[in-house]
Amino acid sequence: MATEVNDGAGGNEAAGTVQGRSGTDVTSALLSGGTYRSLGEQTLSPAEERVERARRTIGFVLAPLITVVFLFLPLGLDGTQHKLAAVLLGVVVLWVCEPVPIPVGGLIGVAAIVLFGIAPADEALAPFGSSTVFVFIGAFILAQAMLRHGLAKRFAFLVLSIPGVGRTTTRVVAAFGLITAVLSAVISNTATVAMLLPTAVGILAVIADLIRKDLPEGAPFDPLRLRVGVALMLMLAYGSGAGGLLTPIGSAPNLIGREFIEEATGRNISFLSWFLMALPICAIMFVLLAVVLLLLNRPEIKRISGVDEYVAAERAKLGRMSGAERNTLIAFAVTVTLWVVPGIVALVAGDDSAAYTTVSDHLDEGVVAVLGAALLFVLPTRWSRREFTLTWSEASKIDWGTILLFGCGIIFGTLLADTKLAETIGTGAADALGLGSSVMILVFAVVLAVVISETTSNTAAASVVVPILIPVAAAAGVDPFVPALAATFGASFGFMLPVSTPQNAIVYGSGAVPITKMIRSGFTFDIAGILLLALLLPVTAAMVFG
């Protein structure tokens, strides 16, 4: 089987190493939990190593320095808000520069919150019990089972066998992103990414095997440092963000923002009107995502010749589905079904109906995720020996670091809202900028929502920013309808950091997306999202609502 290899810039990134062996099993590498690797655990080119060493050294000095300096700046902030802002700035530096593993940076920030008296320990740590954290745990355990028993690879070959899709990496990335975006319109972004992650990892494993076959025997190879892996994983995360805007039930910020807007303006935003307004924005954003991600992360393989024969041969090798695979599929199907049911009820009865409220309250995403994962420990593969689909020693190898990291992100988001620091930032910026025109308020709404969503959850961003924008617009004599809609949409555009959205954190947990690549791609899409919303949302809103 022959492949055409892209020899463009950055080609050394594909030449990391997993013990320096070209025969490294790709799935084993992806199961190894190597998301947060030190310099000693990677083999980098001399130039890459210099950059990484400098970045991490700068972080050791800059994080405490910026925290201390900010604490002594006379900003006129409330004491608690001032200390929280200083700690958050230091943590962001730790996350960006990685002098310590990123989850440890978050834990240092949580410790500082308690030490500085910003919040008592029990209150600060309470968000670790968030439902979203349990979505991560359950989804990661399901993904572990799908990878370990080969079900993810089976799904991957199924996608690659779709006529025409598997012939180029561009088509694979675009097709997978489209599937993600469509599903995210009716299932939450977090659930969609959690559901599709194993298949994405399986596809990456297949492509990585193809790249490895073209390398000389003994050549260094690291499946966690492939550009195509970055493009595929970020397409999964970012595609869900774009698709989640399509419907009011696509993501939590949509429901939160719509409720605030309807209450403040008295206008009803129906399911259909939201869809018609969002469709052009989502379509253009999706095209931008596909094009820019593939330009920033040019896949090592462009065209794959003989893919049909290869896929057919590999599917034949897989043979019939094993008992462990069937059990994993049952657990996965139960989880996905229970995740989808609230969306179906919302479509049929309306998301303001008593039926939807009852179903969504009982089928909480986090509870559903851990319930599905629990099935893996009760569905037997060999009852006579009391052997089940997954053992705890296998399940315990999930990426606990990413779970800790997102828990820390929820803590900071909660405190931003509780201390009213986010509100202070928003109103202070609005006053300082002297916002008086509808255009300026619209741009401010989008920028503020995107910036806040980068350092806290998108749900928290919508909860904080939309209520700020409505009185700011009203005070300037501007109809708050479109600016508040822009803030609602912008809250889903946190692309730069793993803690910005759950889907970012989930794909970061695959280990295939370096933090520097996520920041570079995320910054590009933050800017693109701001421009797109500022230019297009007023047009689509006017066309739909008049």
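Is K420 buried, partly exposed or exposed? I looked this up first, and K420 counts as partly exposed because its relative accessibility is 48%. The cut-offs I used are these: buried means under 20% relative accessible area, exposed means over 50%, and partly exposed lies in between (1.4 Å probe, protein chains only).

**Entry on the model.** I noted that this is a predicted model, in which local features need pLDDT of at least 70 and side-chain atom pairs count only at pLDDT 80 or more, while totals for chains, interfaces and linings use all residues. Residues are numbered from 1 along each chain as its sequence is written, and side-chain values use heavy atoms, with hydrogens and water left out.

**Entry on the whole chain.** I found 24 helices and four strands in the chain. Helices (H or I, at least four residues) and strands (E, at least two) are DSSP runs, numbered from the N terminus. Of the 546 residues, 56% are buried. I then turned to contacts, where contact means heavy atoms within 4.5 Å. Among those between residues at least 6 apart in sequence, 80% join residues at least 24 apart.

**Entry on two loop residues.** I returned to K420, which sits in the loop between α18 and α19 (421–433). K420 is not a glycine, yet its phi is positive, at about 65°. I also looked up R386, in the loop between β3 (380–382) and β4 (387–388). R386 likewise is not a glycine and has a positive phi, of about 55°. R386 counts as partly exposed because its relative accessible area is 49%.

**Entry on N327.** I located N327 in helix α14 (residues 323–349). Why does N327 count as buried? The reason is its relative accessibility of 10%. Leaving aside residues up to four places away in sequence, I recorded that N327 touches L379, P380, T381 and T389.

**Entry on a helix pair.** Two packed helices are described by the angle and the distance between their axes. I looked up α4 (residues 102–115) and α18 (residues 400–418), whose axes come within 8 Å and cross at roughly 35°. Such axes are lines fitted to C-alpha atoms, for helices over the stretch in contact, and angles run from 0 to 180 degrees between N-to-C directions. Residues making the contact include I102, L107 and I113 of α4 and L404, C408 and F412 of α18.
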